[in-house]
Amino acid sequence: MTLKISQAHVDAMLAQSRAEYPDEACGVILGPQGKDQARRLKPMINAAHSPTFYEFDPKDLLSLYREIDDNDEEIVVIYHSHTETEAYPSRTDIAYAGEPGAHYVLISTREEIAPATEFRSYRIIDGVVTEEEVSISE
Amino acid sequence: MTTAIEVRIPTILRPYTKDQKVVAASGETLSTVIADLDVQYPGISERLLENGALRRFINLYVNDEDVRFLGGLEAPVKNGDSITILPAVAGG
């Protein structure tokens, strides 16, 4: 299993994560329905505004699903940053992973590795985490 | 009189509804609609409720209004209404 993603998307997610530090940053990448192609990056507001938690506002969530329905899109990537810990899904991340088809991207902006960041991708299905390769294209 | 309510099912719950993304249910409140859904698709209410209350990280909307602002489980529903179920996107 591999996440195929563009350098531009990776750069944008890292920039957003740094900009929103010390809060967790989050968002999605959308693509045409059924194709598993990450095309359209959409940063989302972390309604929790927290360094240890993220949540899409329920209203934003509904708008997002209406939008992807209208556009015949699917959610390809759900990403968020960990500000103090490594880029691995937490118990909370696993408990709330409600989109079985998505690639879950974790970004770590923790102080101890700064200015470097960690960028990793996973599938989370039925409570099971499987890390996958990330293939970055120009 | 039975009400006809459209219920939109998220991907993660479609194993309960034989893969259907939209199903029909009846009831006068969200609570009775969920009970009806569970009769048709056994086990689905356990994904929506815990100890008789709506689970924290499942969002339900009646005609695009978050049910938290409509009375939660007691939110009234009428013929022709549309309920959307969306698992929250959240984590820590």
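In what order do the strands of the open sheet of chain A stand, and how many strands form that sheet?

**View 1. The open sheet of chain A in the predicted model.** Seven strands build this sheet, in the order E1-E8-E7-E6-E5-E2-E3, and their pairing is mixed. At the edges stand strand E1 (2–6) and strand E3 (40–44) of chain A, each of which pairs on one side only. From one strand to the next, the twist averages 30°. Helix H1 (residues 7–20) of chain A packs on the sheet, where the strands that it touches include E1, E3 and strand E8 (128–137) of chain A, and the direction of the helix makes about 85° with that of E1(A).

**View 2. The pairing of E6(A) with E7(A).** Strand E6 (residues 103–108) and strand E7 (residues 118–125) of chain A run antiparallel and are joined by 5 bridges. Within this pair, A:Val105 has A:Ser121 of E7(A) opposite to it.

**View 3. The open sheet of chain B.** Here 5 strands follow one another in the order E2-E1-E7-E5-E6, again with pairing that is mixed. Because E2 and strand E6 (65–66) of chain B stand at the edges with a single partner strand each, one side of each is left without a neighbour in the sheet. E5(B) and E6(B) pair in the antiparallel sense over 2 bridges, and in E6(B) the residue that stands opposite B:Tyr61 is B:Asp66.

**View 4. Helix H1 of chain B and its buried residues.** H1(B) lies across E1, E2, E5 and E7 of chain B and runs at about 110° to E2(B). The buried residues of this helix, which spans residues 30–40, are B:Leu30, B:Val33, B:Ile34 and B:Leu37. They lie on the same side of H1(B), because the arc that they cover around the axis is only 100°. Among the elements that cover these buried residues are strand E1 (5–8), helix H2 (44–48) and strand E7 (82–87) of chain B.

**View 5. The contact between chain A and chain B.** In this view, 20 residues of chain A are in contact with 15 residues of chain B. On the side of chain A that touches chain B, strand E4 (54–55), helix H2 (58–70), strand E5 (73–82) and helix H3 (91–95) of chain A each supply at least two residues, and the largest share, 5 residues, comes from H2(A). The residues of that side divide into 10 nonpolar, 6 polar and 4 charged. H2(A) lies across E5, E6 and E7 of chain B, running at about 105° to E7(B).

**View 6. The bridges between E4(A) and E8(B).** Strand E4 of chain A and strand E8 (residues 90–91) of chain B run antiparallel and are joined by 2 bridges. The bridge partner of A:Tyr54 in E8(B) is B:Gly91.

How values were computed:
Residues are numbered from 1 along each chain as its sequence is written. Chains are lettered from A and ligands numbered from 1 in the order in which they are written. This is a predicted model: local features need pLDDT of at least 70, side-chain atom pairs count only at pLDDT 80 or more; totals for chains, interfaces and linings use all residues. Two residues are in contact if their C-beta atoms, placed from the backbone, lie within 7 Å. Helices (H or I, at least four residues) and strands (E, at least two) are DSSP runs, numbered from the N terminus. Ala, Val, Leu, Ile, Met, Phe, Trp, Tyr, Cys and Pro count as nonpolar, Asp, Glu, Lys and Arg as charged, and the others, Gly among them, as polar. Two strands pair if DSSP finds at least two bridges between them. A residue is buried if 20 or more other C-beta atoms lie within 10 Å of its own, exposed if 12 or fewer, and partly exposed in between; C-beta atoms are placed from the backbone. The arc is that of the directions from the helix axis to the C-beta atoms. Axes are lines fitted to C-alpha atoms, for helices over the stretch in contact, and angles run from 0 to 180 degrees between N-to-C directions.
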